[in-house]
Structure formats: C-alpha cells, structure tokens
Amino acid sequence: MSMVLNQHPGSSLLTGFQRWMLVPFAILFFAACTEGYPTEDELIINPLELNQSQRLEAMNQLGKDAHPEMTWIYRALPSCTMQITVNGPKSGQQTFGLQMSGAGVDISFNKAEKVYGVKVQPKEGDTLEERPVLLSKTWLDAIEMNNLVRSFQVGCQMSAGPVSINNTNPS
C-alpha cells in the first residue's frame, strides 16, 4: 500500500536561499573538526625491531621531550645496567644505575601532580629501591617508554656482546 502526501511544489523544509546560507556554516563546522589534530600520523616504532643503540636514542628523545621541567638521559652500561641522569628544577641533577636484568617495569599515575611515571622495580632480593625512569604529562609517552625499557631488557639479556654506549648525549 502506498500513500501520496499532498505537498506543494515550493514548500520544502528549507527554501533554496536557506540552504545556500547553511553552506558556509557547514564548511566552518567541518574545518573546525580538524583543528588541533596533527595533519600527519606520527610514526609508531616497534621497540623490538630496534637495536640497543636505536632504543637508547628513542629513550633519550622521549626523556628530552616528555616533561616540561625535567630531562632524562639514558646510557647503557655493561651487565644489563642502565645509567639514568635526571635534571630537574627541584632536585638538580641526579645520576643512578639500575640493574635491568630481572627487574619489573610499571606505569603509575600521580593524581596530585597529574603526571605519569614509568618505574623500575629491581628483581626480588635486590637491595635497590624502585626508581622512576621517566615522568611524563602524557599517558602515551609513558606507554612508549614502558615498551622501550622492556625491549631494552630483552635486548641486553639476549646480546652476548657489549652494548653500544655511544648514545649518551641526546641532541
């Protein structure tokens, strides 16, 4: 069964002039939807496909950019140890080493400071305390560093030879 509605030829919901007036608003609406979004996708790296030097380079770049008031510099030492230097406004410069073999890596969030932390917990029985290896304002940076640190652990445990330590100064 079909019905035919009585409609006059010139009576639509919007007149031609009204439709024409909506065009600029539609253009502005769709243009505003892209505001603030990157124009290109950022390359996502797979840390397991990198060598140790490339991982350190990525970590140093992240450590330089992740927090507006702190910089983190990473250096590989023999025996699967990572040396970390932190420069911050409150604490000055601190350098410490972490034995990465068998250590746990975790992400935390400090609600008061609104900052994500990537922390390394030394293996069970070790006398060293848990230490942050990155503080970041964004969750994505914390996830990326978490993956880089875990792949660094895998890489140094699998390599029989010494790890390159040339990436001590990020540029």
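I began with a sheet: three strands form an open sheet in the order β4-β5-β6, and the pairing is antiparallel. For my own reference, two strands pair if DSSP finds at least two bridges between them. Helices (H or I, at least four residues) and strands (E, at least two) are DSSP runs, numbered from the N terminus. I then looked up the edges, which are β4 and β6 (131-136), each pairing on one side only. On average, neighbouring strands of this sheet are turned by 25 degrees against each other, direction ignored. Axes here are lines fitted to C-alpha atoms, for helices over the stretch in contact, and angles run from 0 to 180 degrees between N-to-C directions.

**Ground rules**

I noted that this is a predicted model, where local features need pLDDT of at least 70, side-chain atom pairs count only at pLDDT 80 or more, and totals for chains, interfaces and linings use all residues. Residues are numbered from 1 along each chain as its sequence is written, and side-chain values use heavy atoms, with hydrogens and water left out.

I checked the strand pairs one by one. Strand β4 (residues 104-110) pairs with strand β5 (residues 115-121) in the antiparallel sense, over seven bridges. β4 and β5 form a hairpin, with four residues between them. In that turn, K114 has a positive phi of about 50 degrees. Next I took β5 and β6, which pair in the antiparallel sense over five bridges. There, V118 has L134 in β6 as its bridge partner. I also looked for a helix on this sheet. Helix α3 lies across β4, β5 and β6 and runs at about 165 degrees to β4.

**Entry: the other sheet**

I moved to β1, β2 and β3. These three strands form an open sheet in the order β1-β2-β3, with antiparallel pairing. β1 and β3 (92-99) stand at the edges with a single partner strand each, so one side of each has no neighbour in the sheet. The twist averages 20 degrees from one strand to the next. I counted the bridges between β2 and β3: eight join them, and the two strands run antiparallel. Helix α2 (residues 52-65) lies across β1 and β2, at about 160 degrees to β1.

I picked Q83, which sits in strand β2. Which residue of β3 is its bridge partner? The partner is G97. Is Q83 buried, partly exposed or exposed? At 21% relative accessibility, Q83 counts as partly exposed. The cut-offs are under 20% relative accessible area for buried, over 50% for exposed, and partly exposed in between (1.4 Å probe, protein chains only). I listed its contacts (heavy atoms within 4.5 Å). Leaving out residues up to four places away in sequence, Q83 touches I73, Y74, R75, L77, T95, F96 and G97. I73 is 10 residues from Q83 in sequence, and their C-alpha atoms are 8.2 Å apart.

**Entry: the disulfide**

I searched for disulfides (a pair of cysteine sulfur atoms within 2.5 Å). The structure holds one. The disulfide joins C80 to C156, with 1.8 Å from S to S. This pair links distant parts of the chain, 76 residues apart. C80 is in the loop between β1 (71-77) and β2 (81-88), while C156 is in helix α3 (residues 139-158). I looked up cover for both. C80 counts as buried because its relative accessibility is 11%. C156 counts as buried too, at 9%.

**Entry: the whole chain**

From the N terminus on, the elements run α-α-β-β-β-β-β-β-α. Buried residues make up 29% of the 171 residues. Among contacts between residues at least 6 apart in sequence, 44% join residues at least 24 apart.

**Entry: confidence**

Last, I looked at pLDDT, the predictor's confidence in each residue, from 0 to 100. The protein averages 78, and 65% of the residues score at least 70. Where is confidence lowest, and where is it highest? It is lowest in helix α1 (residues 16-32), at a mean of 66, and highest in β1, at 94. I marked residues 160-171, where pLDDT stays under 50. For that stretch the model has 22 contacts beyond four places in sequence.
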